[in-house]
Structure formats: C-alpha cells, structure tokens
Amino acid sequence: MSAVTSSRLHAAEPYLIQQDWAAYTAEQHALWAELVTRRLPQLQQHACAEYLQGFDLIGLQADRLPDLTAVSARLQPRTGWQSTPVSGFLPADAFFEMLAARMFPTTTWIRGRESMEYTPEPDIFHDVFGHVPMHAHPVFADFLEHYGKVCASLTDPLALERMGRLFWFTVEFGVIREKGAIKVYGSGLISSHGECTHVVEHGEGLEIRDFDIERVLEEPVDTGNMQKVLYAIESFDQIYEAAREAESRLG
Ligand SMILES: [Fe+2]
C-alpha cells in the first residue's frame with residue numbers, strides 16, 4: 001500500500017494489508033478454479049452484460065486466484081476503482097470511507113472445500129468474482145462511490161439501516177431486466193449457485209418487483225434464507241438516482 005493511497009484513509013487504515021499472492025497453494029488455486037468453472041455456465045446465460053464485460057475487463061482468470069494489484073491496474077484507468085486488500089470484515093465507518101474513496105475492501109483468504117456454496121464471512125471469491133467486475137461499469141462505479149459518501153455522512157442508526165437495505169437489494173442481490181429477461185448483477189447471486197438458481201428458475205415464494213426506492217428503504221433484509229423479494233432495475237442509472245433520492249430523504 002503506497003503512502004499516497006493510505007493517507008486518504010483514516011478509519012480503514014488499521015485493516016489494510018498486502019496480498020501475499022505467491023503464498024497461495026496449488027490447492028487454493030485449484031479451489032478458485034473449481035468455484036469459477038462451476039459458476040460460469042449459469043452466469044454466461046443469466047448474468048447481466050455489464051458483469052460479463054467487467055469480468056473480461058479486469059482480467060480474471062479461471063485457473064488462478066486473482067492478483068489484486070493486477071486487477072486494480074486494469075480497473076483504475078477505467079473507473080478510478082481499486083480492489084484493496086483488507087484483513088477481514090470492516091466496521092461500518094471504515095467500509096463507507098473506503099467506498100467513498102473508490103477502494104473496494106477485498107478479503108484475500110479463500111474458503112475451504114467444505115464451504116463451496118456459502119461462507120458467512122466474505123472471501124476473495126465472493127469479493128472479487130462476485131463484486132469487482134461491476135466496478136468496471138462507469139455508472140455502477142459512480143453509484144457505489146456516492147453510496148459510500150452518503151453513508152459516511154449519516155449518523156442516525158435508522159437511516160443507516162435503510163441505506164443497508166439499498167445495498168442489499170442492489171449490490172448484493174440486485175437483478176436487472178435485459179430485453180425482457182431477468183439477469184443478475186448482485187454479488188450474492190453471482191457468487192452463489194443456489195441463490196442464483198432460485199432466481200433464474202423463479203423458485204417458490206420468490207417475488208420480483210419493479211425497483212422502487214421507497215419500498216426498498218422499507219423492505220426488511222433476510223440474511224438467513226433464500227430471498228423472497230427482489231427488486232428489478234431497468235438500467236444502472238436507476239440505482240444512481242436511487243442513491244441521490246435516498247440521500248435527500250435520509251440526509
Ligand atoms: Fe458482498
């Protein structure tokens with residue numbers, strides 16, 4: 001981490017680490033390869049075009065774990081975003097500070113073979129495969145920075161809870177209508193075969209509503225089960241506008 005980069009951060013500073021790429025074992029690279037090759041066929045059919053373009057743009061390889069410096073080198077000239085290694089789950093103020101600085105807090109550990117489908121804490125597969133390709137899209141990139149800035153300025157816990165719902169129903173579990181078909185862009189859907197199948201096969205009890213910021217801010221988040229309600233956008237401009245709308249309502 002260069003002095004220039006880290007001097008922009010305060011709350012997040014203690015959580016910044018270096019990724020020791022050379023220390024990954026052959027077994028860990030193989031695990032990444034398995035996770036990626038298991039997800040790609042479904043995503044080629046059901047992920048939004050912006051995700052798939054981002055995947056190529058940031059240079060992800062199916063057969064080896066990503067080197068975050070190389071990912072950032074491809075991403076930064078495009079949208080100003082970096083994929084910045086952190087030690088683990090961040091407190092809210094540190095997380096928002098990093099988003100506002102266009103630095104995505106990225107974990108460097110990879111799950112074990114016993115948790116191929118799900119890990120309670122994000123790992124490099126969830127963070128890089130699930131999140132980072134979308135950061136190559138200019139409007140999504142602007143949205144996420146603005147989201148971080150708005151949250152960093154809020155102190156009311158209820159307002160922050162509402163902003164958490166906006167994050168959940170977009171960044172984590174967002175879907176978009178593309179030529180009439182539902183496509184996924186949220187990292188929780190991109191990185192989980194079970195959650196994604198539930199959506200693309202329109203699983204029992206799932207309702208996909210038109211995105212409506214008023215409803216999203218009031219929609220409780222269910223972290224422990226398959227999603228029952230998702231909000232479909234028509235374009236990424238809609239979530240950028242939603243962050244502005246939320247700012248004027250909650251700020
Ligand atoms: Fe996530």
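Visitor: Helix 7 passes helix 12, but is the crossing left-handed or right-handed?

Guide: First, this is a predicted model, where local features need pLDDT of at least 70, side-chain atom pairs count only at pLDDT 80 or more, and totals for chains, interfaces and linings use all residues. Residues are numbered from 1 along each chain as its sequence is written, while helices (DSSP runs of H or I, at least four residues) and strands (E, at least two) are numbered from the N terminus. A crossing is left-handed if the near helix is turned anticlockwise from the far one by less than a right angle, and right-handed if clockwise. Where helix 7 passes helix 12, the crossing is left-handed.

Visitor: Is helix 7 roughly parallel or roughly perpendicular to helix 12?

Guide: Axes are lines fitted to C-alpha atoms over the stretch in contact, and angles run from 0 to 180 degrees between N-to-C directions. Helix 7 and helix 12 (residues 237-250) pack at about 15 degrees, with axes 8 Å apart. Angles under 35 degrees count as roughly parallel, over 145 as roughly antiparallel, 65 to 115 as roughly perpendicular and the rest as oblique. So helix 7 and helix 12 are roughly parallel.

Visitor: How many nonpolar residues are in the contact of helix 7 with helix 12?

Guide: Residues are in contact if their C-beta atoms, placed from the backbone, lie within 7 Å. Those in this contact include Tyr147 of helix 7 and Ala246 of helix 12. Ala, Val, Leu, Ile, Met, Phe, Trp, Tyr, Cys and Pro count as nonpolar, Asp, Glu, Lys and Arg as charged, and the others, Gly among them, as polar. By class, one residue is polar, three are charged, and the nonpolar ones number eight.

Visitor: Is arginine 102 buried or exposed?

Guide: Arginine 102 sits in the loop between helix 5 (92-100) and strand 2 (103-106), with a positive phi of about 55 degrees although it is not a glycine. A residue is buried if 20 or more other C-beta atoms lie within 10 Å of its own, exposed if 12 or fewer, and partly exposed in between. Arginine 102 has 20, so this residue is buried.

Visitor: And histidine 202, buried or exposed?

Guide: Histidine 202 also has a positive phi, near 45 degrees. Its place is in the loop between helix 10 (193-200) and strand 5 (207-210). With 11 C-beta neighbours inside 10 Å, histidine 202 counts as exposed.

Conventions:
Two residues are in contact if their C-beta atoms, placed from the backbone, lie within 7 Å.
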